[in-house]
Amino acid sequence: MITNETITVRFAADRHATIAWEKQLSADLDAIVTAYGAADKPADTIAAVVAEIGIDRVRAIIATLTVYRVAMHDRRIGDDTAAWAQTIADALDADAAERVGLITDAIHPAHLDQLARAAAEYVAPETTETTETAPAAETETAESAASINPMCTDCTRRGSDCDGTTCETWTGCIYRETAAQRDIRLFDFYKRRLLALAGGDPLRWVCVQYLCSFPGLSPYDMGAALMAEGVEIIYDDTAITRAENAAERRRVQCAYAAREGARA
């Protein structure tokens with residue numbers, strides 16, 4: 001199971017690869033949440049998301065969410081489900097999950113237990129080859145589906161009160177999180193983590209940089225947001241010179257001034 005120590009070692013060995021890995025985890029979680037919202041049964045949720053990201057990645061995320069809930073002493077997770085989650089090598093333990101933001105309230109814990117069971121029991125369906133020619137109506141349907149904008153693929157409205165669109169621009173009618181909305185959600189999540197880490201005391205700049213590196217957030221914007229919350233930031237990174245520390249301070253102060261100017 002992946003721990004904080006594992007992540008620290010990975011980050012030291014290849015920072016960019018670790019950041020890309022964390023972003024993939026977040027995207028995988030988003031895919032599972034979307035499938036969960038659209039499907040009626042746990043098995044259907046798992047089957048839908050497996051088709052998108054594969055069973056190994058699905059099990060890793062579901063097991064991580066399960067381990068986190070168990071750590072929170074949530075008794076809606078069965079003992080056998082908790083034991084299964086511990087066997088998934090690519091899953092993150094509770095501390096690591098919290099560190100990279102791989103947690104969600106979008107899936108009910110009782111349903112999470114059911115999803116974990118479905119993920120554990122999932123078997124890929126057998127496929128049979130056929131040389132039969134598809135009827136013209138089916139061919140037209142397939143061609144129509146292929147022309148649908150990818151943003152409509154997992155929309156919860158498609159097939160109910162919306163047929164989707166071939167328009168290539170964002171129309172605003174889709175029940176999915178935009179990139180901008182995701183950035184805002186991640187920024188708020190990591191700001192709360194840093195505020196909790198500070199706990200009213202001064203916060204080291206390297207801590208801000210380190211946490212922001214995982215989701216790819218601007219540490220300067222984060223520093224400005226923390227300053228707006230009254231947090232004192234200490235620039236004492238011994239890996240760089242005093243002049244470089246002072247330059248980092250100035251960049252954060254500029255971001256803060258721009259933020260406050262925009263508010264005014």
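**Exercises on aromatic pairs**

Four aromatic pairs are counted when rings of Phe, Tyr and Trp (its six-membered ring) are paired if their centres lie within 6.5 Å. The model is predicted: local features need pLDDT of at least 70, side-chain atom pairs count only at pLDDT 80 or more, and totals for chains, interfaces and linings use all residues. Residues are numbered from 1 along each chain as its sequence is written, and side-chain values use heavy atoms, without hydrogens and water.

**Exercise 1.** Classify the pair of tryptophan 205 and tyrosine 220.

Solution. The ring centres are 5.5 Å apart and the planes stand at 40°. Planes under 30 degrees apart count as stacked, over 60 as edge-to-face and the rest as tilted; the pair is therefore tilted. Tryptophan 205 belongs to helix H10 (residues 205-213) and tyrosine 220 to helix H11 (residues 219-228), 15 residues apart; helices are DSSP runs of H or I with at least four residues, strands runs of E with at least two, numbered from the N terminus.

**Exercise 2.** Determine whether tryptophan 205 is buried or exposed.

Solution. Buried means under 20% relative accessible area, exposed over 50%, partly exposed in between (1.4 Å probe, protein chains only). At 1%, tryptophan 205 is buried.

**Exercise 3.** Describe the pair of tryptophan 205 and tyrosine 235.

Solution. This aromatic pair is tilted, with 5.6 Å centre to centre and 40° between the planes. Tyrosine 235 lies in the loop between strand E2 (233-234) and helix H12 (242-263), so the pair ties helix H10 to a part 30 residues apart in sequence. Tyrosine 235 is buried, at 11% relative accessible area.
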